[in-house]
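Here are my notes for a colleague who is opening this model. Please keep the sequence and the 3D view side by side as you read.

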Amino acid sequence: DVLPSPDGPAPSVSITEIRQYLRAQDIPFHDGYSCLHTPSLFTGDRGDQPLSANAPFTLFIDKTTGSFLCTATLAEGTWQDFQANVEMRHRGITPIPPASSEEMEEDMRQAREDARCIWERALPLWELLDEKETKETKALFGISQVTDATLKRFGVRYLRTARSLVFPWFSPQDATLKGLKLVRVEKKGGTITYVEDTLPRFDSYRNLFGLPLIGRRDTELVLTGWELDALALHQAAGVASVALPRGSSCLPPTLLPYLEQFKRITLWLGEDLRSWEAAKLFARKLSLKRCSLVRPGNLHPRPLDALNQGLNVTKILRSALLASHKSIVSFRQLREEVFGELVNTEQVSGVKWARFPELNKLLKGHRRGELTIFTGPTGSGKTTFISEYALDLCMQGVCTLWGSFEINNIRLAKIMLTQFAGRRLEDQLELYDEWADRFEELPLYFMTFHGQQNIKTVIDTMQHAVYMYDITHVVVDNLQFMMGHEHLSVDR
């Protein structure tokens, strides 16, 4: 994915400008947690009639970016698209939801068709041939304690041919099947890993799993990082729970409107410190004042493990820490977090490089909020090494943003793809599509700047990327090219 080109970036808009525009256009609105709520331009009265304050407020405008989503019609677009539709309405023309490209529409249609075929072949777990197979399958996924009633409620199925659990994505608008996530287990030695595949591909997969089961009057929600955790929470504590589409790596802003109805959200994303850091990041998007976080630790494993171990899930939820706090805290408030850092000393060190043990000794791992500067003469291999080092982290789920001011993105992507594949693809072109498909799945983004740039523009782009894609690692290559060689006396 490439962020907007600096030649024509989407103009940023402030919350004040959004409010002023809505008032000037006589559009009723009220303040939500992350969004402003208005009646939809795409439903109800047509033409130049003013929008009624009595109509349902189903259109949500993101306070940070100005992007909108109508939950009634699933129309979405940028702030500029919203303004264009308001102008059309004033001229008596029926507003048209912004269209995706034909290629994208075709991909989505194909993904829906593929998902439907898989869904029809998959069976509910309790309908497998015999009880033994059911028990073995449940044991394999660690869901022996999850009842058939819970699996049935959430619509979980099993695809025998792929030995995968199938989680459906139903449209919140009309309950049609929009996509699927398949999860299978891989055993390597004594370790078990869960491998996920989605239809459509992961960057278009926007399923808040469990959302259709939530009532309009529900005001409390538990947000989890995994579908099986959502099942465990509902069964053990009877709470409304949903799972994020990409676990604790990302909370796409397009999902925020669906979370606006909740006055209290508890984030219980997993049992490691990366999940804890992600929960704090997501709480800022969701509004700190309504969020509570379950701190990971021995007594607070992930929800599925808590169910399997017979722990009191309701009690763990009650112990969640408020995300917002005053400017001054006492040690009593910090006590639990300090204990967590002592218990998880390895994780506190950051995300370890898999291929650079010597680097782990020096830097202790990739830690948020730290700046590392690599220096060396021209041609000494800085870019080659840093692309390898960033790729190592990216393959472990660290969302990475590249700003390559010296070499263009095509050349950089070629270097990284070669390193990722571990082979000279120019000699094996028939393998290109296979490796490119796998490379596309990485949480990796590139800025389109090249040569000297205005620092404010670069910083704004980085901030936008952090909000939109939950970036936790930014690479700038290199500072000299970004800053230019003139004005060396300026405090850079």
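1. Start with Ile192. At 43% relative accessibility, Ile192 counts as partly exposed; buried means under 20% relative accessible area, exposed over 50%, and partly exposed in between, with a 1.4 Å probe and protein chains only. Ile192 sits in strand 10, residues 191-199. Helices (H or I, at least four residues) and strands (E, at least two) are DSSP runs, numbered from the N terminus. Leaving aside residues up to four places away in sequence, Ile192 touches Val185, Glu186 and Lys187; contact means heavy atoms within 4.5 Å. The C-alpha atoms of Ile192 and Glu120 are separated by 28 Å, with the two residues 72 apart along the chain.

2. A word on the basis. This is a predicted model, where local features need pLDDT of at least 70, side-chain atom pairs count only at pLDDT 80 or more, and totals for chains, interfaces and linings use all residues. Residues are numbered from 1 along each chain as its sequence is written, and side-chain values use heavy atoms, with hydrogens and water left out.

3. Which sheet holds strand 10? Two strands pair if DSSP finds at least two bridges between them. Strand 9 and strand 10 are antiparallel and pair over nine bridges. Arg184 stands opposite Val195 in strand 10.

4. Look next at strand 8, residues 164-170. Six of its seven residues are buried, so strand 8 is largely enclosed by the rest of the structure. Seven bridges pair strand 8 with strand 9 (residues 177-188) in the antiparallel sense. Pro168 has Leu180 in strand 9 as its bridge partner. The hairpin of these two strands has six residues between them, and Ala175 there takes a positive phi near 65°.

5. Three bridges join strand 8 to strand 7 (residues 157-159), and the two run antiparallel. Leu159 has Ser164 in strand 8 as its bridge partner. Four residues lie between strand 7 and strand 8 in their hairpin, and Arg163 in the turn has a positive phi of about 50°.

6. Check the backbone in the loops. Most residues other than glycine have a negative phi, and most peptide bonds are trans. Asp26 is not a glycine, yet has a positive phi of about 55°. Asp26 lies in the loop between helix 1 and strand 1 (30-31), and is exposed, with a relative accessible area of 59%. Leu74 has a positive phi near 65°. Leu74 is in the loop between strand 4 (68-70) and strand 5 (76-77), and is partly exposed at 22% relative accessible area. A cis peptide bond joins Leu199 and Pro200, with omega about -5°. Pro200 is placed in the loop between strand 10 and strand 11.

7. An open sheet of five strands has the order 12-11-13-14-15 and mixed pairing. Its edge strands are strand 12 (241-243) and strand 15 (321-322). Strand 13 (residues 264-268) and strand 14 (residues 291-293) run parallel, joined by three bridges. Thr266 stands opposite Ser292 in strand 14.

8. Helices lie across this sheet. Helix 6 (residues 227-237) lies across strand 11 (220-224), strand 12 and strand 13, at about 170° to strand 12. Helix 7 (residues 273-286) lies across strand 11, strand 13, strand 14 and strand 15, at about 175° to strand 14. Axes are lines fitted to C-alpha atoms, for helices over the stretch in contact, and angles run from 0 to 180 degrees between N-to-C directions.

9. How are helix 1 and helix 2 oriented to each other? The axes of helix 1 (residues 15-24) and helix 2 (residues 79-90) come within 12 Å and cross at roughly 10°. They are therefore roughly parallel; angles under 35 degrees count as roughly parallel, over 145 as roughly antiparallel, 65 to 115 as roughly perpendicular and the rest as oblique. Ile18, Tyr21 and Leu22 of helix 1 meet Trp79, Phe82, Gln83, Val86 and Glu87 of helix 2.
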